[in-house]
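Hello,

Here is the structure for you to look through. Please open it first, then read my notes below.

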Amino acid sequence: MKKLKIYGDSILKGVTYDANSGRYGLCDDHRFEALNKLGYELDNKSKMGATVQKGYSLMMRTMDSIDENTVVLLEFGGNDSDYNWQAISDNPTGSFLANTPEPLFLETYRKTAQAALSKGATVIITSLIPIDPNRYMDFISKDRNYHAILSWLGDVGMLYRWQEYYSQLVESVASSLKVQLLDLRRLFLTDHHYSEMLCEDGIHPTQAGHTRIHTAVTDYLTSL
């Protein structure tokens, strides 16, 4: 039996958002049961809110469980590209950095992947699923100053472009290390029901979105 270790954030954790209750929960198949039938022993270490720095620290603490019989699936960048929206709302003329600025993001992501490679593991990196900028803008500006945040952004579309930029950084890491890329972003962008796959917060997948992700992961691992 091969081992599959997932290091990521809320997307591969299976988190979804219920706008009616304003609460987060887990999708139906957050345990990736289908992978057990493929002969994978799953250890999902994804955590809501995780950045690549947290992922690297977690991997360093669990290195003993990674070997040449392990597939390591990495999914980071969404939280890294995000900002302290309250601070921006309070001071829209200020200068702010993303949670993980570009140089540190690239360096840490490479270190994370290289650590797994050094143990002989097969490493797969996923691109970022796209966001809905209008929904996300409404979400981050709730109980904050919408126009102040918009003033700092320039336009709502900047939310999408900036997150897309980090997805491109992720792809550059995979390319530079010559590891496999599972392009989840393309699957969402080319789906005719794209809007139905994202929750009202604009960033988390609905049940339909998670089903699409789980099918893609299962199909990809089947092809290895």
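His210 sits in helix 10 (residues 207-223). Helices here are DSSP runs of H or I with at least four residues, strands are runs of E with at least two, and both are numbered from the N terminus. This is a predicted model, where local features need pLDDT of at least 70, side-chain atom pairs count only at pLDDT 80 or more, and totals for chains, interfaces and linings use all residues. Residues are numbered from 1 along each chain as its sequence is written, and side-chain values use heavy atoms, with hydrogens and water left out.

His210 is buried, because its relative accessible area is 1%. Buried means under 20% (1.4 Å probe, protein chains only). Beyond its neighbours within four places in sequence, His210 is in contact with residues including Ser10, Ile11 and Gly14. Contact means heavy atoms within 4.5 Å.

Gly14 is in the loop between helix 1 (10-13) and strand 2 (15-18). Gly14 has 0% relative accessibility, so Gly14 counts as buried. Its C-alpha atom is 9.6 Å from that of Thr211, which is 197 residues away along the chain.

Now the pocket. A pocket is an open set of points on a 1 Å grid over the protein atoms alone, where a 1.4 Å probe fits, with protein on both sides within 12 Å along at least five of seven lines; lining residues have an atom within 4 Å of a point. The largest pocket holds about 620 Å³ of space. It has 32 lining residues, and Gly78, Asn79, Asp82, Tyr136 and Ile203 are the closest to its centre. Helix 8 gives the largest share of the lining, 4 residues.

Best wishes

Methods
Buried < 20%, exposed > 50% of the residue type's maximum accessible area, 1.4 Å probe, protein only. Points joined across faces, edges and corners; volume = space filled by probe spheres on them.
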